[in-house]
Amino acid sequence: MANLINLERATVGYGTRTLLDGVSLGIDEGNAIGVVGRNGDGKTTLLKILTATRPPDSGRVTHVSGLSVGYLHQSDDFHPEATVRDVIVDGRADHIWAADAETRSVVENLLTEVAMDREVNNLSGGERRRVALAAILLAGHDVLVLDEPTNHLDVEVIGWLAGHLSKQTAKTLVVVSHDRWFLDAVCTRIWEVHGGTIDAYDGGYAAYVLARAERSRVAAGTEARRRNLMRKELAWLRRGPPARTSKPKFRIQAANDLIANEPEPRDSLALQRFATARLGKDVFDLHRVSLQAGEKTILDKLDWSIGPGVRIGLVGVNGTGKSSVLKLLIGEMTPSAGTIKRGKTLRIGYLSQALVEIEGNERVLDAVENAKRITELAGGKEVSTATLLEDFGFTGDKLTTRLSELSGGERRRFQFLRLLLDEPNVLLLDEPTNDLDIDTLNVIEDYLDGWPGTLIVVTHDRYFLERVTDVTYALPGGGRCVLLPGGIEQYLAERVAANGASVTRPSDRNETDSARERKTGKQLSRIESQLKKLDERISKLHVTMADAVADHVRLGELNAELNELVERKESLEEEWLSLAED
């Protein structure tokens with residue numbers, strides 16, 4: 001493969017911090033690289049260096065001659081009088097651009113509700129973002145460099161985008177994203193930016209978690225809490241559907257060793273009992289509720305009982321009214337018909353999408369300690385505000401930063417931290433993953449694992465939704481709110497059936513992706529069950545061999561049996577890897 005972009009001993013400073021310290025790396029043709037790291041550690045700066053948008057303070061970046069690089073920034077710079085048609089298809093008429101299948105697919109999936117002749121200045125922030133993404137995808141670049149491309153996309157369109165990028169095997173891709181499902185579906189390598197350095201890992205996000213956990217296991221002096229969080233996420237990844245373990249570059253035995261004693265992420269039964277004790281039997285009871293937003297019917301005569309300790313994920317395409325449902329539950333919106341009964345002991349914590357509530361000249365440490373110094377978590381466990389601040393990335397000079405000076409990601413972290421301080425027994429989270437890095441998401445997921453109460457999450461982050469919730473509901477339109485026993489996979493399959501077109505990764509096989517994943521999942525489960533039984537037989541055989549150490553004839557027979565079991569185990573491991581890589 002040809003080397004397209006090369007970075008040699010690049011160093012970049014920002015104020016008193018060194019974001020990149022003598023970094024050397026290369027991007028080869030066909031690479032699909034995901035870039036992860038905490039907010040502020042230099043991910044966007046790295047993209048600017050790679051695209052030659054800004055030079056490094058020292059070192060150099062080189063591009064192969066004639067290379068075309070498309071760079072999706074987190075902000076756009078459209079001409080103020082440009083129309084969507086000008087930006088996307090160079091002003092071409094519909095009958096011309098629609099004749100190209102790829103152009104038609106991009107426009108139909110990203111810009112279904114955006115008129116081609118609207119001026120971009122009149123679009124919302126989310127619409128402008130989609131226009132910028134569509135323009136990058138259709139420009140014919142050799143390399144795509146995308147900074148948070150899934151922002152403002154719903155779970156359905158994220159699935160389409162993953163499929164679109166994956167099928168373009170000749171394309172070279174570098175993407176910064178906090179969407180872990182997307183990273184695992186698209187990327188074949190992961191770069192982790194931290195402490196001025198970049199660590200490279202083969203495989204998608206799942207493989208990265210495994211490799212990082214293994215490095216932490218053997219590295220002396222690694223922070224214990226960070227290691228435990230990674231092991232917990234590793235257990236989740238390893239036990240989940242096959243989509244979470246795509247393109248693994250690890251041996252199954254190594255993975256099993258890492259999570260051998262790792263419990264399930266949360267004890268749902270214990271949390272349920274604790275939530276009932278805190279909340280009683282009633283949380284929200286909706287009877288024949290209708291909800292209107294202008295002329296749009298969001299809910300139509302809905303009956304819905306939400307009990308203590310339930311963990312609900314709410315999905316639907318943009319504009320179906322998910323945020324309005326949360327506002328209805330907390331009382332910010334009133335139903336146009338029907339009644340809502342709320343439990344008498346509710347203490348609701350509501351995380352909105354807005355950041356305007358985090359303002360003022362108060363400093364972070366003062367704002368937290370003035371509110372509370374000790375917070376009680378599940379089962380009466382107490383945690384100090386100092387621990388919470390550290391877990392959420394507020395250390396050093398960040399503790400004395402004024403609230404008004406926090407970045408978008410820092411404000412989001414502070415919002416969630418403040419919710420925990422209020423000790424709510426009901427949490428309503430509206431797009432909680434916006435502006436957060438993956439390490440912070442790990443911390444939030446860990447706290448939610450031990451949080452006893454009723455949780456309702458609106459998010460397009462498929463990984464986060466599956467990780468922290470137990471049941472999924474959808475707003476499919478027509479005023480309905482329906483339970484999805486099959487979760488996100490069922491939702492996407494039903495959207496495919498409704499639209500008559502696939503929104504997941506294209507396949508040249510007749511069966512759908514969800515059907516193939518279910519089939520693969522059953523095969524993987526069968527193999528894992530066989531491997532477990534083999535491990536038990538091998539362990540017992542070792543004990544028998546120890547007892548027969550003086551009987552050389554018997555020992556020879558047992559050794560032959562052991563070799564046969566080991567060969568069978570290796571064969572099953574290879575079969576598991578082959579299935580998981582498909």
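Which residues of helix 1 are buried? Before I answer, let me state the conventions. This is a predicted model, in which local features need pLDDT of at least 70 and side-chain atom pairs count only at pLDDT 80 or more, while totals for chains, interfaces and linings use all residues. Residues are numbered from 1 along each chain as its sequence is written, and side-chain values use heavy atoms, with hydrogens and water left out.

Helices (H or I, at least four residues) and strands (E, at least two) are DSSP runs, numbered from the N terminus. Buried means under 20% relative accessible area, exposed means over 50%, and partly exposed lies in between, with a 1.4 Å probe and protein chains only.

The buried residues of helix 1 are Lys43, Thr45, Leu46, Leu47, Ile49 and Leu50. That makes six of the eight residues in helix 1, which spans 43–50, so the helix is mostly covered. Just after helix 1, alanine 52 takes a positive phi of about 60°.

Let us turn to the sheet beside this helix. Two strands pair if DSSP finds at least two bridges between them. Three strands form an open, antiparallel sheet in the order 2-1-4. Its edge strands are strand 2 (17–28) and strand 4 (58–63), each of which pairs on one side only. Neighbouring strands of this sheet are turned by 15° against each other on average, direction ignored; here axes are lines fitted to C-alpha atoms, for helices over the stretch in contact, and angles run from 0 to 180 degrees between N-to-C directions. Helix 1 packs on the sheet and touches strand 1, strand 2 and strand 4, its direction making about 130° with that of strand 1. Contact means heavy atoms within 4.5 Å. Strand 1 (residues 3–14) pairs with strand 4 in the antiparallel sense over five bridges, and glutamate 8 stands opposite arginine 60 in strand 4.

A second sheet is open and mixed, with six strands in the order 5-6-7-3-8-9. Strand 5 (69–72) and strand 9 (197–202) each have a single partner strand, so one side of each is left without a neighbour in the sheet. Strand 5 runs parallel to strand 6 (residues 143–147), joined by four bridges, and tyrosine 71 stands opposite valine 145 in strand 6.

Next, the interior. A nonpolar core is a set of buried Ala, Val, Leu, Ile, Met, Phe, Trp, Tyr and Cys residues joined through side-chain atoms within 4.5 Å. The largest such core has 49 residues, of which Ile88 and Leu110 touch the most other members. Helix 5 (residues 125–138) gives the largest share of this core, seven residues. Beyond its neighbours within four places in sequence, leucine 110 is in contact with residues including Leu133, Leu137 and Trp160. A second, separate core of 30 residues includes Leu429, Leu455, Val457 and Phe464.

Where is threonine 459 placed? Threonine 459 lies in the loop between strand 18 (454–458) and helix 17 (462–468). Why does threonine 459 count as buried? Its relative accessible area is 2%. Among the residues that threonine 459 touches, not counting those up to four places away in sequence, are Glu431, Pro432 and Phe464.

Finally, a disulfide is a pair of cysteine sulfur atoms within 2.5 Å, and by this rule the count comes to zero. Cysteine 187 counts as buried because its relative accessibility is 0%, and cysteine 481 counts as buried at 14%.
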